[in-house]
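Please work through the exercises below with the sequence and the model side by side, and try each task before reading its solution.

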Amino acid sequence: MTTISLRATDTERKLIRDIAKLHGKTISQYIKDVVLDRIEDEYDLKAYDDALTEFKRNPVAYSLEEIKKRHGL
């Protein structure tokens, strides 16, 4: 496992510690969770943007029933 350090003022450290404690987590676990959640959000937004771009190029939509039939569901 690798260590990543973060510089923070005393006020920032206290704020992070308090919010982590509120969530029942260590500072390290809280920061890790927040960063990974942010990465996931950015990935989801990129996937949405790509899908929207593709839809604008080829605006074809299928109903749920059409998708079920197409995939034998």
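The model is predicted, so local features need a pLDDT of at least 70 and side-chain atom pairs count only at pLDDT 80 or more, while totals for chains, interfaces and linings use all residues. Residues are numbered from 1 along each chain as its sequence is written, and side-chain values use heavy atoms, with hydrogens and water left out.

**Exercise 1. Determine which element has the lowest mean pLDDT and which the highest.**

Solution. Begin with the scale: pLDDT is the predictor's confidence in each residue, from 0 to 100. The protein averages 96, and 100% of the residues score at least 70.

**Exercise 2. Describe how α1 and α2 pack.**

Solution. Two packed helices are described by the angle between their axes and the distance between the axes. Helix α1 (residues 10-22) and helix α2 (residues 27-57) pack at about 85 degrees, with axes 9 Å apart; the axes are lines fitted to C-alpha atoms over the stretch in contact, and angles run from 0 to 180 degrees between N-to-C directions. This angle makes α1 roughly perpendicular to α2, a class that covers 65 to 115 degrees. Next, list the contacts (heavy atoms within 4.5 Å): R13, I16, R17, I19 and A20 in α1 meet I27, Y30 and I31 in α2. By class, this contact has six nonpolar, no polar and two charged residues, where Ala, Ile and Tyr are among those counted as nonpolar and Arg among the charged.

**Exercise 3. Classify A61, V60 and D33 as buried, partly exposed or exposed.**

Solution. Buried means under 20% relative accessible area, exposed over 50%, and partly exposed in between (1.4 Å probe, protein chains only). A61, in the loop between α2 and α3, counts as exposed at 62%. V60 is found in the loop between α2 and α3 and is partly exposed at 42%. D33 lies in helix α2 and, at 21%, counts as partly exposed.

Conventions: Helix = DSSP H or I, 4+ residues; strand = E, 2+ residues; numbered from the N terminus. Parallel < 35°, antiparallel > 145°, perpendicular 65-115°, else oblique.
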